Amino acid sequence: MANTQAMCTSFMQELMTATHNFTTGTGDSFKGALYLASATVNASTTAYSVTGEVSGAGYTAGGVAVTNGTSPQSTNASATAGVAYWTPSASITYTSVTLATAFDAVLIYNSSKSDKAVSVHTFGSQTVTAGTFTLTMPTNDTTNALIRLATT
Amino acid sequence: MALVTTTKGEMDESLLEKKEGFVDNDNEYTTWVEYWLAGELVHRSAHVTLKKTVTLSAEAASFN
């Protein structure tokens with residue numbers, strides 16, 4: 001089993017049914033949950049589940065809130081192409097935790113909408129001992145944003 | 001005197017062995033720090049900067 005970085009397929013469908021609202025302030029709330037390296041979260045993940053999630057001192061099942069200080073933005077590159085994008089406005093931080101079993105993925109999900117999955121992001125396996133785990137976000141622009149919807 | 005949170009409570013950094021490292025590849029830039037006491041890991045923190053985006057590609061079909 002392994003985790004795979006991906007945009008969740010169900011999320012793409014749910015965009016077409018106006019399920020998710022990333023608007024700052026008035027939109028939905030999103031969270032980030034960490035998953036063991038032995039878990040299987042990927043494009044087929046439809047919602048947050050405790051199965052395969054990390055556990056340990058200081059970590060609450062479901063993970064932590066994702067800070068959404070910037071609403072999604074969009075830019076047209078040409079008459080036929082453009083990009084819409086969104087990135088959490090702050091690092092996702094798990095403070096004072098002990099996570100002894102290796103983990104390598106974070107699932108971003110919509111805690112306002114039945115914990116529906118958004119995306120999976122992977123990194124090299126980590127453990128944390130009486131410490132802090134921080135996920136720093138990429139630059140929120142057309143090429144680097146954490147989540148991009150693009151036409152070419 | 002810098003204090004470090006450890007499995008044994010707050011400890012003076014000078015009493016501990018410090019190890020640091022990093023990973024830099026296409027997907028991430030990660031740094032980590034460990035503190036050891038007499039061969040025992042008593043603190044480990046990691047800081048991951050994600051580099052790779054996930055992209056949804058969208059298309060509009062034509063009628064010709």
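The model is predicted: local features need pLDDT of at least 70, side-chain atom pairs count only at pLDDT 80 or more, and totals for chains, interfaces and linings use all residues. Residues are numbered from 1 along each chain as its sequence is written, while chains are lettered from A and ligands numbered from 1 in the order in which they are written.

**Where the chains touch**
- In this model, 30 residues of chain A are in contact with 26 residues of chain B (C-beta atoms, placed from the backbone, within 7 Å).
- On chain A's side, strands S1 (6–7), S7 (116–136) and S8 (147–151) each supply at least two residues (strands are DSSP runs of E, at least two residues, numbered from the N terminus).
- S7(A) gives the most to this side, with 15 residues.

- Four strands form an open sheet, in the order S4(A)-S5(A)-S8(A)-S6(B), with mixed pairing (two strands pair if DSSP finds at least two bridges between them).
- S4 (73–76) of chain A and S6 of chain B stand at the edges, each with a single partner strand, so one side of each has no neighbour in the sheet.

**How the strands pair**
- Strands of a sheet pair through backbone hydrogen bonds, either parallel or antiparallel.
- S8(A) pairs with S6 (residues 54–57) of chain B in the parallel sense, over four bridges.
- A:Leu149 stands opposite B:Leu56 in S6(B).
- S5 (residues 82–86) of chain A runs antiparallel to S8(A), joined by five bridges.
- A:Tyr85 has A:Arg148 in S8(A) as its bridge partner.

Methods: Two residues are in contact if their C-beta atoms, placed from the backbone, lie within 7 Å.
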